[in-house]
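Visitor: I would like to learn how to read strands and their pairing in a model. Please take me through one case.

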Amino acid sequence: GAGGGAQVSVLNISAEAPRRVRTLTHPECKQFTALGFSSDGKFLVTVGGPPDFVMIYWMWMQSKVVASVRIGAEVRRGGVSPP
């Protein structure tokens, strides 16, 4: 949003018409450059862009940040292993 930080929207594309399930916003990021879901779909990891490259671990259905850390390096692919 306007000055509110980077956003990522999770969509349900299995329905006839895709619909937004949840939109997550993090104020420390201007953009997200990578993301990945846990194998059970309960968690999401996102990585913000420069200058801080903040990695955020979400319980996305509750819009809750579980953990975040500044990694200080560019990341283009994210993943969670194990869930």
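Visitor: In what sense do β5 and strand β6 pair, and over how many bridges?

Guide: This is a predicted model. In it, β5 and β6, the latter spanning residues 64-70, pair in the antiparallel sense over six bridges.

Visitor: Which residue takes a positive phi in the hairpin of β4 and β5?

Guide: Phe53 does, with phi near 50 degrees, in a hairpin that has five residues between the strands. Strand β4, residues 43-48, pairs with β5 in the antiparallel sense over five bridges.

Visitor: How should I read the faces of a strand?

Guide: In a regular strand, side chains alternate between the two faces of the sheet. Strand β5, residues 54-59, has a covered face made of Val54, Ile56 and Trp58. Its uncovered face holds Met55, Tyr57 and Met59.

Visitor: Is His26 buried or exposed?

Guide: Compare its relative accessible area with the cut-off: buried means under 20%. His26 has 6%, so it is buried. His26 lies in strand β2, residues 19-26.

Visitor: Which residues does His26 touch, not counting residues up to four places away in sequence?

Guide: His26 touches Gly4, Gly5, Ala6, Phe32, Ile56, Trp58 and Val65. Of these, Ile56 and Trp58 belong to the covered face of β5.

Technical notes: Residues numbered from 1 in each chain as written. Predicted model: local features only at pLDDT ≥ 70, side-chain atom pairs only at ≥ 80, totals over all residues. Heavy atoms only, no water. Buried < 20%, exposed > 50% of the residue type's maximum accessible area, 1.4 Å probe, protein only. Helix = DSSP H or I, 4+ residues; strand = E, 2+ residues; numbered from the N terminus. Pairing = 2+ DSSP bridges. Contact = heavy atoms within 4.5 Å.
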